[in-house]
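Please look at the sequence and the structure shown below.

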Amino acid sequence: MNRPSTLYAPLVGRILVGGFFLWGGIQEILNLPFVVSMLALAGLPHPLFLAVLAAVVRILGGIALVINYKTQVCALVLIGYELASSFMLFADLTPSHLQLFLQSMAIIGGLLYMASCNPFGPANQAAQKKK
């Protein structure tokens with residue numbers, strides 16, 4: 001018998017993490033001029049291209065996590081995105097940047113867990129083994 005936590009925890013986790021990326025991507029599109037100016041101030045080349053690319057990765061990655069489409073691959077792509085953006089934007093590690101950097105590392109930890117686990121959770125592993 002499966003406990004509710006093993007049935008619903010993976011779904012809730014995917015919704016929360018995917019929703020985080022989806023919301024962030026939507027906000028980047030809605031505030032594109034501000035995002036472009038922040039990337040330009042950070043000294044990154046082609047800030048408009050990077051801003052649109054980041055928003056697309058976040059939106060598509062968030063949707064894919066929520067609907068459980070290729071969750072493990074999606075988690076790995078989002079890990080790459082988080083690592084790249086963290087090291088590009090928070091390289092100086094001032095106290096405020098350190099907090100944001102550590103938050104990104106925590107998100108990467110959750111994504112690593114998603115990438116290493118069955119995307120349907122333990123409840124479905126037994127059903128998949130019977131097939």
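A residue is called buried when its relative accessible area is under 20%, exposed when that area is over 50%, and partly exposed in between, with a 1.4 Å probe and protein chains only. This is a predicted model, in which local features need pLDDT of at least 70 and side-chain atom pairs count only at pLDDT 80 or more, while totals for chains, interfaces and linings use all residues. Residues are numbered from 1 along each chain as its sequence is written, and side-chain values use heavy atoms, with hydrogens and water left out.

The chain contains 6 helices and 0 strands. Helices (H or I, at least four residues) and strands (E, at least two) are DSSP runs, numbered from the N terminus. Read from the N terminus on, the order of elements is α-α-α-α-α-α. Of the 131 residues in the chain, 31% are buried.

How do these helices pack? Helix α1 (residues 4-30) packs with helix α3 (residues 47-67) at an angle of about 155°, and their axes are 7 Å apart. α1 is therefore roughly antiparallel to α3. Axes are lines fitted to C-alpha atoms, for helices over the stretch in contact, and angles run from 0 to 180 degrees between N-to-C directions. Angles under 35 degrees count as roughly parallel, over 145 as roughly antiparallel, 65 to 115 as roughly perpendicular, and the rest as oblique.

α4 (71-89) packs with helix α5 (residues 95-116) at an angle of about 165°, with the axes 9 Å apart. α4 and α5 are therefore roughly antiparallel to each other, and α4 passes α5 in a left-handed crossing.

Which side chains meet in a salt bridge? The side chains of Glu28 and Arg58 do, at 2.8 Å from N to O. Glu28 belongs to helix α1 and Arg58 to helix α3, so the pair ties together parts that are 30 residues apart in sequence. A salt bridge is a side-chain nitrogen of Lys or Arg within 4 Å of a carboxyl oxygen of Asp or Glu, and the structure holds 1 salt bridge. Glu28 is buried, at 11% relative accessibility, and Arg58 is buried too, at 12%.

Leu7, Tyr8, Leu11, Val12, Ile15 and Leu16 form a nonpolar patch with about 560 Å² of accessible area together. Patches are made of residues with over 30% relative accessible area and no salt bridge; like charges are joined within 9 Å, and nonpolar side chains (Val, Leu, Ile, Met, Phe, Trp, Tyr) within 5 Å. Accessible areas come from the Shrake-Rupley method with a 1.4 Å probe, and for residues only the protein chains shown count as cover. Leu11 is found in α1 and is partly exposed, with a relative accessible area of 35%.

Two loops deserve attention. His46 lies in the loop between α2 (32-41) and α3; the phi of His46 is near 50°, a positive value in a residue other than glycine. His46 is exposed, at 60% relative accessibility. Lys70 lies in the loop between α3 and α4 and has a positive phi of about 50° although it is not a glycine. Lys70 is exposed, at 52% relative accessibility.

Finally, Met38 is in helix α2 and is partly exposed, at 41% relative accessibility. Met38 and Leu89 are 51 residues apart in sequence and 9.4 Å apart in space, from C-alpha to C-alpha.

Key. Left-handed = near helix turned anticlockwise from the far one by under 90°.
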